[in-house]
Protein chains: 4
Amino acid sequence: MILTKIFDRIMDLGGDFEVIEFRIGKRKKDYSYAKLVVKGRNENHLNLLLEELYRLGAYSPEVNEAKLVPAPADKVLPDGFYSTTSHPTSILINGKWIEVQDQMMDKVIVVDKESNSARCKFINEVKRGDLIVVGEEGIKIKPPERPREGAVLFEFMASKASSEKPSVSIVRQIARDMYEVKVKGGKIAVVAGPAIVHTGAAFSFAKMIRLGYVDALLSGNALAVHDVEYALFGTSLGMNVENGSTSLKGYRNHLAAINEIMKSNSLSEAVKKGVLKKGIMYECIVNEVPFALAGSIRDDGPLPDVITDVVKAQKRYRELLKDVKLVIMLASTLHSIAVGNLLPSTMKVVCVDINPAVTTKLMDRGTAQAAGIVSDVGTFLPLLVDELEKYPIKINK
Amino acid sequence: MILTKIFDRIMDLGGDFEVIEFRIGKRKKDYSYAKLVVKGRNENHLNLLLEELYRLGAYSPEVNEAKLVPAPADKVLPDGFYSTTSHPTSILINGKWIEVQDQMMDKVIVVDKESNSARCKFINEVKRGDLIVVGEEGIKIKPPERPREGAVLFEFMASKASSEKPSVSIVRQIARDMYEVKVKGGKIAVVAGPAIVHTGAAFSFAKMIRLGYVDALLSGNALAVHDVEYALFGTSLGMNVENGSTSLKGYRNHLAAINEIMKSNSLSEAVKKGVLKKGIMYECIVNEVPFALAGSIRDDGPLPDVITDVVKAQKRYRELLKDVKLVIMLASTLHSIAVGNLLPSTMKVVCVDINPAVTTKLMDRGTAQAAGIVSDVGTFLPLLVDELEKYPIKINK
Amino acid sequence: MILTKIFDRIMDLGGDFEVIEFRIGKRKKDYSYAKLVVKGRNENHLNLLLEELYRLGAYSPEVNEAKLVPAPADKVLPDGFYSTTSHPTSILINGKWIEVQDQMMDKVIVVDKESNSARCKFINEVKRGDLIVVGEEGIKIKPPERPREGAVLFEFMASKASSEKPSVSIVRQIARDMYEVKVKGGKIAVVAGPAIVHTGAAFSFAKMIRLGYVDALLSGNALAVHDVEYALFGTSLGMNVENGSTSLKGYRNHLAAINEIMKSNSLSEAVKKGVLKKGIMYECIVNEVPFALAGSIRDDGPLPDVITDVVKAQKRYRELLKDVKLVIMLASTLHSIAVGNLLPSTMKVVCVDINPAVTTKLMDRGTAQAAGIVSDVGTFLPLLVDELEKYPIKINK
Amino acid sequence: MILTKIFDRIMDLGGDFEVIEFRIGKRKKDYSYAKLVVKGRNENHLNLLLEELYRLGAYSPEVNEAKLVPAPADKVLPDGFYSTTSHPTSILINGKWIEVQDQMMDKVIVVDKESNSARCKFINEVKRGDLIVVGEEGIKIKPPERPREGAVLFEFMASKASSEKPSVSIVRQIARDMYEVKVKGGKIAVVAGPAIVHTGAAFSFAKMIRLGYVDALLSGNALAVHDVEYALFGTSLGMNVENGSTSLKGYRNHLAAINEIMKSNSLSEAVKKGVLKKGIMYECIVNEVPFALAGSIRDDGPLPDVITDVVKAQKRYRELLKDVKLVIMLASTLHSIAVGNLLPSTMKVVCVDINPAVTTKLMDRGTAQAAGIVSDVGTFLPLLVDELEKYPIKINK
């Protein structure tokens with residue numbers, strides 16, 4: 001993969017290159033070899049490019065010696081110090097490549113001129129006068145080759161799902177992405193779970209619909225029931241969403257919400273009659289956003305609007321996904337995976353869930369282009385709608 | 001536990017009661033028995049109280065019959081329908097208690113007058129004319145007794161850790177709590193992990209310190225290093241925190257940040273020299289908020305301010321926790337558990353982590369009074385600081 | 001709750017007691033008071049009982065002084081040392097109750113005779129000659145009262161879901177429980193997810209059916225499809241279950257498995273025709289174990305045996321749960337929660353899932369009697385079946 | 001990356017190839033182009049190779065038409081049906097490439113001869129006589145290109161960490177790997193957390209040491225304290241490990257275990273004196289397996305053997321990792337990440353943890369070669385030791 005990474009990196013950094021020679025290792029243990037001419041915009045740019053490529057495992061035929069600068073004090077590094085990778089590394093000293101001992105990541109390389117040896121040191125081990133490698137010249141890295149046999153065990157995992165990402169900036173990027181899809185006349189489908197209501201984000205989601213950012217809602221019975229319960233009684237499963245307290249006789253509200261819709265025969269009738277006056281389903285109905293509520297075996301009720309036959313529900317989902325440009329999945333394992341199975345690999349998908357296993361499962365099932373964001377919809381959605389409101393009010397609907 | 005629950009519930013609802021008789025079952029299978037006189041503020045209030053108590057397993061000696069109302073239509077319930085629990089239930093019909101069949105939670109009870117039987121029905125099974133139990137009279141519930149022997153297996157779990165809670169209202173409550181601690185002159189200690197910087201919430205946390213809501217910071221090397229990296233280079237582990245991109249040569253920033261502080265010999269020297277001009281550690285130093293950075297075996301560097309001996313670090317933590325009224329733990333497993341072990345059970349603790357296992361672990365180790373909030377600090381902290389800013393600017397420092 | 005705990009603990013330990021006096025605090029801040037006579041089997045037993053009760057917050061009217069023994073060496077405690085709780089604690093010294101300073105859990109109490117004070121010390125702070133409290137006498141603990149108002153925030157969590165439990169002994173207990181249900185002629189229902197096949201435990205599960213420990217299988221399309229794929233091709237989603245490698249053209253196997261069953265019109269026809277010769281579904285069919293496969297919107301196929309209408313599937317699940325004494329849930333979120341909603345609170349439930357959120361969710365929805373075991377079905381089931389095989393072969397079917 | 005994948009796949013399958021022509025797209029939107037001659041061992045083998053390559057996006061200059069076979073019955077596919085990917089796909093019909101509509105994964109392609117169109121169909125939508133694409137000829141797939149600009153958002157995640165792997169076969173592979181390292185005279189280091197004791201696997205781990213499979217143990221205070229508590233009292237944090245019950249006065253055992261070692265001044269003295277007679281630490285001492293217990297701020301005690309200065313502990317860890325060939329990490333977040341930072345990228349690492357976040361964190365910090373196994377050590381270790389015992393008793397120590 002190294003070569004691919006090198007090509008990509010050159011292009012990412014705005015450089016140019018030509019392949020002069022190219023030999024691929026055909027047998028299990030062969031090395032591949034490629035000779036490139038790399039061109040930068042100017043000398044500085046070229047140096048930058050080369051430093052990056054050295055780090056990836058490339059090296060120049062006309063190599064300079066590794067530069068050494070003494071440490072100015074105990075535990076203090078010279079500026080420009082070279083920070084190591086965990087890959088086997090050699091440095092060019094007095095015309096000879098010597099291998100660095102004790103290879104570890106994020107350390108510095110200290111050279112012992114007498115023994116002509118080099119090793120990785122922790123910053124807290126550095127002594128005044130230690131000869132530290134600086135810059136990127138005279139350094140050769142050998143990333144591990146992809147093992148070709150008997151390697152099953154060590155191929156299992158290459159995870160990058162992580163909650164350690166800058167959340168507010170992610171929110172900003174998703175908002176911009178949504179806005180851009182809409183100004184170009186594209187459609188956005190949202191797959192949503194009941195945690196949106198539980199975590200107090202129903203109001204934000206309703207606003208997102210009102211702002212025109214939702215062209216189709218794909219969900220199940222639970223979201224609609226919780227939303228109606230919240231709209232009618234201010235509770236979600238009997239818990240007061242404003243202050244987290246359990247409301248008196250709140251345990252009835254769930255079933256009572258279902259009963260109110262049963263009386264009206266459908267959600268849209270309930271809106272027409274003035275029974276349902278706010279919330280997510282209300283906004284869908286008055287803004288004519290089509291929705292599909294798929295039945296599941298754990299449903300209470302279910303509401304008359306729910307498609308209880310899962311094969312029919314799948315068909316309706318597919319109809320709603322026609323011509324969609326962006327799918328946003330919010331805190332819904334079952335429906336997110338169902339929708340993931342229906343999408344081509346070219347579809348952009350954003351999946352927000354507090355449980356990393358959901359985004360992992362999406363990937364395991366092939367929806368590889370998903371941007372998996374491990375976050376809390378209860379805090380994520382209010383911030384997202386804040387960002388969306390910063391854009392010009394009238395999106396192209 | 002039923003009796004305890006009943007006492008508590010009466011008091012919660014503002015009622016009064018007197019214990020007339022009280023017998024406790026001494027042998028494994030004995031029932032306990034208590035006779036109470038319950039007093040409400042008026043008839044309505046009393047009825048409310050009684051309904052709640054019936055639900056908990058109490059019943060009145062002068063019971064009325066269960067009220068039955070026919071369903072007005074298929075799948076539609078009469079108003080005031082009784083919503084079931086999963087506990088064994090009997091109803092009083094024609095002077096006889098009959099046991100409800102097919103007991104399930106959140107269903108309704110339908111009575112068959114001919115066979116003198118009753119059973120739980122799903123709302124979608126209800127037929128027009130079905131006799132549905134309404135109200136709370138004539139209903140007797142028998143919660144399972146606490147099993148007394150051989151019950152090891154079924155005592156393992158009684159979890160309530162959950163991310164399905166209304167997040168924005170939680171944020172509001174914590175802000176109010178923090179404000180109230182401060183206006184009374186109380187101290188707040190914050191235990192913080194590096195994810196605060198990774199998720200882009202360093203700015204919010206720095207503001208929280210500036211606002212005066214942090215009286216002590218308990219953390220480790222990583223938070224300080226990431227904070228310094230972000231303050232000096234705008235990155236966290238080389239990732240641009242504003243837009244999530246990997247910055248060029250960003251891999252060096254982590255070590256370079258450490259090196260800058262090494263040059264100054266300490267964080268406070270770095271602030272004095274004008275090297276460190278913003279961020280979490282900067283705010284602590286200029287606002288004279290004491291901090292303790294405890295060393296850990298995974299540290300890079302570590303910074304000169306880090307207490308590398310863990311026994312000494314524990315002592316310093318304890319000094320900083322003196323007279324503290326509220327401890328807030330933000331995305332830090334190791335230090336949160338360490339602090340949890342140092343706190344008396346009377347201390348208020350709020351623990352915010354995206355991983356439910358952290359709050360669970362805190363509990364397993366005895367910090368039972370922790371409010372565990374499963375959320376994303378990257379979205380949680382900005383919302384919290386927004387709330388804190390709504391309070392009068394000058395808190396009692 | 002303290003009183004309840006004391007009653008329970010006395011009975012657990014085989015003691016006896018009589019309530020002499022009992023006053024309950026009626027107003028928010030009142031204390032409750034109870035006077036008991038506690039009887040042990042002999043003096044030793046009584047002392048044991050009393051020590052436990054002191055720890056829970058009880059204390060004797062005729063209290064002895066706290067016993068003090070000097071530490072024999074630095075960092076070494078006298079035998080019988082008292083290990084602290086995190087609750088506010090007082091000790092009786094020279095006839096006066098003095099409050100222990102620096103209250104922390106799992107520490108020792110050191111008394112300073114001169115200042116007549118006591119404080120918690122870490123074991124590493126203990127100096128030779130320090131007067132350490134030993135035994136349980138002369139110690140009074142005051143557990144925090146249940147806060148009665150404004151306490152919403154601090155009531156959220158009381159978790160005990162934990163993976164830190166002795167797994168092999170749990171396995172043994174569940175096996176015994178299953179055996180005991182069966183010898184009494186009881187029925188066991190199993191709710192199962194496809195991870196059983198993915199993790200290579202299909203063979204163990206098939207054996208469990210053959211041994212007669214499964215009286216009903218409640219699952220969905222995915223389990224059956226994966227099981228058939230594994231039975232026909234040795235793969236699960238194209239991955240060779242024996243060695244974890246991806247098999248050539250394995251991506252087709254999933255759909256090909258469905259197609260083979262489609263050709264036979266049903267699983268039982270496929271068994272009759274000799275197409276399906278082993279596996280979970282095969283064992284159900286030849287052992288006449290009834291099963292229900294509920295449809296879900298994410299299904300591929302689905303198989304002809306799947307009940308695609310979720311309301312009908314719910315009914316079928318309920319039929320299969322009739323007269324069941326024990327429900328075992330294995331790695332299936334959706335179906336486990338669906339079944340949890342259908343069970344009375346008296347039903348014994350064991351739920352095994354690697355994701356702690358599943359057992360937490362079960363609890364949040366009311367199935368409070370579940371024994372939640374956070375483990376890996378792929379390693380759990382083989383160990384369980386090993387244990388089951390140790391019981392006399394012919395269970396009462 | 002497509003080309004790299006194609007080269008790799010050919011070699012994996014035992015084929016050979018020559019690069020005839022090779023042009024790389026230099027600008028952001030350019031395509032890359034490569035012309036290969038592929039050689040198989042025989043015609044069958046070549047066909048197999050080609051089918052795989054087509055699937056990866058390659059296609060042959062002399063393409064045949066897509067083969068169509070009518071469905072034999074409703075919902076039944078012809079044998080050899082082509083199972084789709086989620087990538088945009090075209091098929092060659094009557095000499096023209098037509099694009100497949102409704103592209104979804106794991107479906108079949110149905111061709112409408114009249115309209116000369118093709119679309120993906122669910123198996124349950126297939127009608128008798130539908131013309132279904134079979135085989136792999138005449139099919140062209142276009143995987144999405146790696147987006148080159150503004151792509152930050154959609155690069156976040158490429159997770160494969162998963163618990164849905166065949167556990168028993170993984171156990172077998174790890175055992176074989178361990179055996180192979182040992183017979184070649186290699187060293188194995190184990191990083192271990194206290195959950196090993198909690199989950200009842202201490203006995204298995206002790207046996208693994210006795211069998212000679214552990215050459216160094218890297219851990220912390222908690223593992224040793226729990227192990228000693230279990231060895232002396234049969235409990236772990238006061239819980240009886242055999243049956244999961246809480247033992248009487250068990251809360252003292254943790255501290256009492258520490259005190260017993262304090263009396264002896266070290267673990268090895270305690271072994272010498274006959275105080276410590278079994279368990280993990282005991283086996284290390286009698287089998288002369290070196291260990292390092294690194295201090296952490298949450299430690300109780302700590303034991304005299306613990307290195308409380310983290311910088312010194314890091315050094316000791318590094319000494320123990322010298323010449324190690326395989327590192328096994330068992331249920332220890334802190335120490336696993338610490339060790340991960342000390343390893344070169346060429347080191348083989350196996351990490352077993354029930355929390356997927358641990359393996360994810362290991363990866364995020366650069367230990368990319370880790371095999372992350374999401375499992376329960378309590379069930380995993382007994383199975384692993386069972387496997388290890390199957391190998392010839394005397395490994396080369």
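User: Let's start with two helices in chain C, H6 and H7. At what angle do H6 (residues 221-233) and H7 (residues 253-264) of chain C pack?

Analyst: Here's the general idea: two packed helices are described by the angle between their axes and the distance between the axes. In this predicted model, helix H6 (residues 221-233) and helix H7 (residues 253-264) of chain C pack at an angle of about 95 degrees, and their axes are 9 Å apart. Angles of 65 to 115 degrees count as roughly perpendicular, so that's the word for H6(C) and H7(C).

User: Which residues of H6(C) and H7(C) meet?

Analyst: From H6(C) you have Val225(C), Val228(C), Glu229(C), Leu232(C) and Phe233(C). Facing them in H7(C) are Asn253(C), His254(C), Ala257(C), Ile258(C), Glu260(C) and Ile261(C). Sort that contact by class and you get seven nonpolar, two polar and two charged residues.

User: Okay, strands next. Why is strand E11 (residues 216-220) of chain C described as largely enclosed?

Analyst: Five of the five residues of E11(C) are buried, so the rest of the structure largely encloses this strand.

User: What about chain A? In what order do the strands of its seven-stranded open sheet come?

Analyst: Read across the sheet and the order is E3-E8-E6-E7-E5-E4-E9 (chain A), with mixed pairing. E3 (67-70) and E9 (139-141) of chain A are the edge strands; each has a single partner strand, so one side of each has no neighbour in the sheet. On average, neighbouring strands are turned by 35 degrees against each other, ignoring direction. One thing to spot is Val110(A), with Ile132(A) as its bridge partner in E8(A).

User: How do I read a nonpolar core?

Analyst: In soluble globular proteins, nonpolar side chains tend to be buried together. The largest nonpolar core in this model has 487 residues, and those with the most contacts inside it are Ile196(A), Ile196(B), Ile196(C) and Ile196(D). Zoom in on Ile196(C): setting aside neighbours within four places in sequence, its contacts include Ala201(C), Phe205(C), Leu223(C), Leu330(C) and Val377(C).

User: How many residues does each side bring to the contact between chain D and chain C?

Analyst: Chain D gives 43 residues and chain C gives 43 residues. On the chain D side, the elements that give two or more residues are helices H3 (167-183), H4 (195-198), H7 (253-264) and H13 (377-389) of chain D. H7(D) provides the largest share, six residues. By class, that side of chain D has 18 nonpolar, 16 polar and nine charged residues.

User: And how much of chain A counts as buried?

Analyst: That's 54% of its 397 residues. Chain A also has 13 helices and 17 strands.

Conventions: Residues are numbered from 1 along each chain as its sequence is written. Chains are lettered from A and ligands numbered from 1 in the order in which they are written. This is a predicted model: local features need pLDDT of at least 70, side-chain atom pairs count only at pLDDT 80 or more; totals for chains, interfaces and linings use all residues. Two strands pair if DSSP finds at least two bridges between them. Helices (H or I, at least four residues) and strands (E, at least two) are DSSP runs, numbered from the N terminus. Axes are lines fitted to C-alpha atoms, for helices over the stretch in contact, and angles run from 0 to 180 degrees between N-to-C directions. A nonpolar core is a set of buried Ala, Val, Leu, Ile, Met, Phe, Trp, Tyr and Cys residues joined through C-beta atoms within 7 Å. A residue is buried if 20 or more other C-beta atoms lie within 10 Å of its own, exposed if 12 or fewer, and partly exposed in between; C-beta atoms are placed from the backbone. Two residues are in contact if their C-beta atoms, placed from the backbone, lie within 7 Å. Angles under 35 degrees count as roughly parallel, over 145 as roughly antiparallel, 65 to 115 as roughly perpendicular and the rest as oblique. Ala, Val, Leu, Ile, Met, Phe, Trp, Tyr, Cys and Pro count as nonpolar, Asp, Glu, Lys and Arg as charged, and the others, Gly among them, as polar.
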